[in-house]
Amino acid sequence: MDIAEALKLADELLFTHTGDRLDSLQETILKGTLQGEKYSEIASENHLSEGHVRDTAAELWQNLSDVLGEDINKLNARNILEKIIISNSGSIGDFISGYKVSICSERRRSSKSPPLSKPTENKPYLDIDTAPEITTFYGRNDELNTLKNWLIQERFRIITLVGIIGIGKTTLAIKLIEEVQTQFEYIFYRSLLYRPTIDNFLTDLVQSFVCSPIIPNTLDRKVDLLLKFFRKHRCLIIIDDVQMLFETGELAGQYRVEFEAYYLLFKQIAELSHASSLLLITSEQPEDAIANRHKFTRCLKLTGLGESAKQILRDKQLSDEPMWDTLIEKYQGHPLWLEMTATMIQELFAGSLTEFLSYPSSILSNEIVSQLNRVWVRLTESEKQIVNYLAKQEKAVTLSQVLQEMSDYTPEIILNAIQSLKRRCFLEDNRNDECLREATPTPSLLKLDRTLEAYVHKHNSC
């Protein structure tokens, strides 16, 4: 009999029933039993009392009996496990304690669901094969430190990382893995780009931390299994493209009907006690209160790179370095916009920034326009009208000005639309610097992102 395969099988069976893996003592007892050792011998070899070994073994046999639906003990454990392995039937009953169990031999395992490698000291199990590879990383030290503190010191259960398309959210998250991985036992990355159902999402996730497809047959049991794993192990799950769960043509962050179960899952993870964390990456802040108001959640809005953006222009070998600040300000330090623009300058102006900036209006590459087209179609009609209004203003305006001058809409519609635009990171929300120095109350000022402003002018002229 293959002892290693029997131990792996028992580990899977135990996990199905309790959500726990074999601990070192249970593994030692089972291994000794399969090799024909007595409890007294196992106790002596491991410097333990025989009574402690017997008590632990009794609990192990009971758990395995509950899963298999038949009595299993020291005398028959070897025969029963060997029978399961040899039969290679692919199932143990139709349903066991509400779970459909499939135990496959190593030869028949799907390559899509390899056995989970248990983490070792300072080396977590990483399931991040679908995460994009990052080749360059600029700045973001403050943001990295904030996220590290929230995960390691504060141990927040859900962190929402929000920012306009291309601002570098995913890049930051992948870099974060390098910084915090020794603090977690398991780290997973998943994208919702293709809008998986909640059932498919959970099935895929559960299959990542079980050795073979031991999959609950109902959604609530899958959630229970996930939460058990969260309580037992410190996990970091990065979920990208969360905005794909939201409605198009509606105010920002409203879940589509078919994806409301995701909201319930996130809510449950935020409210129940465990030591794991979710990092949600989205270009639209969710409308619900989970991201900001719950005690164990936080939201970080990502903005431009600032001074660090110069490295992008340096890598693109642009000339006229004294003019770099002007270009960075023009595109507000947005890394993707700057990279695309710098590529255009290199290809069309031989890297001459002075020549490029000689044009009075902002020039948007076709790649930037294509990116913003995807964002524009998600807006409501009232949001589009407010964006058009703000694009015409030379200076930032107050909220009261918008309410007065856009009389075609009720105050309620305008306020909700502006709140939605902020959740999409479309607006700069600043206060007058002079008033701030005087520490006097002043209304917030609204100004459209400059690249979006250029896009709107181009869009309206078409």
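**Exercise 1.** At what angle do the axes of helix α16 (residues 366–376) and helix α21 (residues 450–461) cross, and within what distance do they come? Work out from this how α16 is oriented to α21.

*Solution.* The model is a predicted one, and the steps below are read from it.

Step 1. Two packed helices are described by the angle between their axes together with the distance between those axes.

Step 2. For helices α16 and α21, the axes come within 11 Å and cross at roughly 85°.

Step 3. Angles of 65 to 115 degrees count as roughly perpendicular, and therefore α16 is roughly perpendicular to α21.

Step 4. On the side of α16 the contact is made by Ile368, Val369, Leu372, Asn373 and Trp376, while α21 contributes Thr451, Leu452, Tyr455, Val456, Lys458 and His459. By kind, the residues of this contact between α16 and α21 divide into seven nonpolar, three polar and one charged.

**Exercise 2.** Explain why strand β3 (residues 158–162) is largely enclosed by the rest of the structure, and find which strands pair with β3.

Step 1. Because five of the five residues of β3 are buried, the strand is largely enclosed by the rest of the structure.

Step 2. Strand β7 (residues 277–282) pairs with β3 in the parallel sense over five bridges, and in this pairing Ile159 stands opposite Leu279 of β7.

Step 3. Strand β8 (residues 297–301) also runs parallel to β3 and is joined to β3 by five bridges, with Leu161 standing opposite Leu300 of β8.

Note on methods: Residues numbered from 1 in each chain as written. Predicted model: local features only at pLDDT ≥ 70, side-chain atom pairs only at ≥ 80, totals over all residues. Heavy atoms only, no water. Buried < 20%, exposed > 50% of the residue type's maximum accessible area, 1.4 Å probe, protein only. Helix = DSSP H or I, 4+ residues; strand = E, 2+ residues; numbered from the N terminus. Pairing = 2+ DSSP bridges. Axes fitted to C-alpha atoms, helices over the stretch in contact; angles between N-to-C directions. Parallel < 35°, antiparallel > 145°, perpendicular 65-115°, else oblique. Contact = heavy atoms within 4.5 Å. Nonpolar A, V, L, I, M, F, W, Y, C, P; charged D, E, K, R; others polar.
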